[in-house]
Each structure stands twice: as C-alpha cells, then as structure tokens.
Amino acid sequence: MARILITGGCGFVGRHLVARLAREGGHELWIIDDLSTGKPPAEWEVPRLRALGEEGGVQRHELVGLDQQVRLIRADFVAVAQAELGMTPSLGLAPLPRFDEIYHLASVVGGRNVIDNDPLAVGIDLAVDSSFFLWAAKKARPERILYASSSAAYPIDLQGAGESRALREDDISFDKRLGLPDYTYGWSKLTGEYLGRIAHEKYGLSVGVVRPFSGYGEDQDVVYPFPAIALRVAARRDPVRVWGSGEQTRDFVHIDDACDACVLVCRGVSDARAFNIGTGTPTRFLDLAARMVAIEGYDAPVIGTAGKPVGVAERYSDPSRIRDALGWRPTIALDDGIRRALDYARGRLARGIAPEM
C-alpha cells in the first residue's frame, strides 16, 4: 500500500487519476485542492464519491463501488505548503503525513480563452510550483514525484503553420536551447520543469515529468474544444462551428491513456526527464468536427469562427521516448473517444446544458 497525494486532484485530470489509482486498490489517497477550478466531490461523475465526514480539516470520502477512501484538504496548496514550511501562520491543520508518491497537478487552467485573455491569473502557477518543490525538498521528501508540465512549454517557433513537425522532448534543452513557450502558461510549466530538475540534482528527489498534449474525455469542461464541439454536434447544429479557421492541428489523447502514462513515468523515471503524452497524430479541428458529425449520423458543414483565441497553428508529439523507454501506447482510438464524448454530450443536453454557439 502506498500513501499518495494528488495536488489539484479535483480537476479533470486529477479526478481521473484518482479513479486510475483507486482501481489498483489498497492505497491511501489524499487530495489538496481549493476547488477554484475543480469540482466538489459531491459533483464528481468519474469516479463517484460518498461523503463520510470531516475531522481536523480533512474531508473523508469513499469511492462508490470500491473499498477505497479519499482524504481531501480543501485549501490553496500554496498556503498549505508555506504553512508546513513555517513561512506563514498555521492553517489549523494537522501536519501532513509522509507520502510515497505525489502527483503535482495543481495549477490555474481554463482553456485557450483564459490563457490568452487572463495571462496573469495563469502566471500564479509560478508560485504554485515554486512552493511545491521547496516544500517537497525541505519538508515532504516523498519517494517519487510526478510533475505535470504541458506541451505549451515547447517553443512556439516550432509550431507555425506549414512549418511544424512532431515535437520531441529534446526540443527543450535547459543546457543548450530554450525557445519562447506558449504565453504565461507555457512559461510557468517550463519553469516548473526546471525546478523539478533542480529538486533531483541538488536535493536528491525522484522526479518524473510529463508533457501532455491535448487531453480530452467525456466529462471535461466545455471550455475546452473537444467537449465543446461534441456538444454542438450532439445538438445537431448546422453548421458546426469551430474556433479560428479550424486549420490548426492538435494531438488528441484520451484522459484514461494519459493517466496510465502519468503513473508509468512517476514510478519508472527518477532523473526529471520529460516524456510526451500524445498519439503522434495531428488532427485539424475541421477534421475532428467532421468526424464527429459523421459518427453522429447527420450532414452539416463545419466552418470556422473569427475573433476567437486559437493558440499555435500546429502542435503534435513524437511519442517515441515514452513508447521505447516505458512501453506506453495509447489504447483508445480517436473515433472511440468521439463516440464516448457524443454519448456524454447527449446527457448534458438532457440536463439543459446548451452549446455556446
């Protein structure tokens, strides 16, 4: 049995990672999350939780259908870490136990609209990551750490229209080359990776880093493009609109596959090396929406929408490092993921959730 902490564990990735780890059985699972963007446990759909009570600021929940509990501290991680380090007054919580594994997911996220239009809100991730690694090195000393970086850390000059290629982990080199990443979110993740490298080299911590590409899943918030397009198609919009020209490409990987990769890197990597999580296949948004329309079984044109933030023109991964070193391969084909997303989107429509355009 391992004692495992997931920072930001109430977010989309965190919830699915909780489900993934719970299926192993026997672990003691902890979450620290202030619910600024994550869902309260009572609203989780994957997995489902049942409240058991609260003691000393720690909420206890049981996963429905599994003999597995989850402990939640509802608090800002920065405040918890700095209080643990004695930098700020106590929050009234008992000292945290020692963890075998920590999956550090906590960050301000919110899709392309937030990244482009509220960059300083996203920039607070610099404080989150610096507090985390200081706490991990000086106080927590876990056996293993997984740092969730992002494909946004890659230089944007490698992602231009007609000029891009599959992004390789060595395209970021802290010894030789650092290009301009994708806005404040990319900067924060790039800095977090660097801190993870220092934590390993100078403080002896075991750190693995992942760079997920465009993760998606059925219950993802509709501020993200994949579920937003699925909702429009499930509503049988005609035409179906996508942001920008729709020519921009992304590497779509299902959240279940991404969580498997996170666990493999956490347990199989110690030297702060980074690993892409992606399929290696670029898909245009126009093509993604067209495939959804075909699978839904109706005819509608797919058109772009001017005046919306779109990000870089082309972004997809070279997944060979994680495949060769750890044996990871995606198992959920894009069409299967589309079918799941459309089924879930129909349920959203039945609950009165309508597409925004």
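These questions and answers concern the predicted model shown above. Residues are numbered from 1 along each chain as its sequence is written. Local features need pLDDT of at least 70 and side-chain atom pairs pLDDT 80 or more, while totals for chains, interfaces and linings use all residues; side-chain values use heavy atoms, without hydrogens and water.

Visitor: What radius of gyration does the protein chain have?
Guide: The radius of gyration is taken over C-alpha atoms, and the globule rule is 2.2 Å times the number of residues to the power 0.38. For 357 residues, a compact globule would come out near 21 Å. The chain agrees with that, at 20 Å.

Visitor: Are helices α5 and α6 roughly parallel or roughly antiparallel?
Guide: Helix α5 covers residues 125–140 and helix α6 residues 183–203, and they pack at an angle of about 10°. Angles run from 0 to 180 degrees between N-to-C directions, along axes fitted to C-alpha atoms over the stretch in contact. Under 35 degrees counts as roughly parallel, over 145 as roughly antiparallel, 65 to 115 as roughly perpendicular and the rest as oblique. The two helices are therefore roughly parallel.

Visitor: How many disulfides does the structure hold?
Guide: A disulfide is a pair of cysteine sulfur atoms within 2.5 Å. The sulfur of cysteine 259 has its closest cysteine sulfur in cysteine 262, 5.9 Å away, which is too far for a bond. The number of disulfides is zero.

Visitor: Is cysteine 262 buried or exposed?
Guide: Buried means under 20% relative accessible area, exposed over 50%, and partly exposed in between, with a 1.4 Å probe and protein chains only. Cysteine 262 has a relative accessible area of 5%, so this residue is buried.

How values were computed
Helix = DSSP H or I, 4+ residues; strand = E, 2+ residues; numbered from the N terminus.
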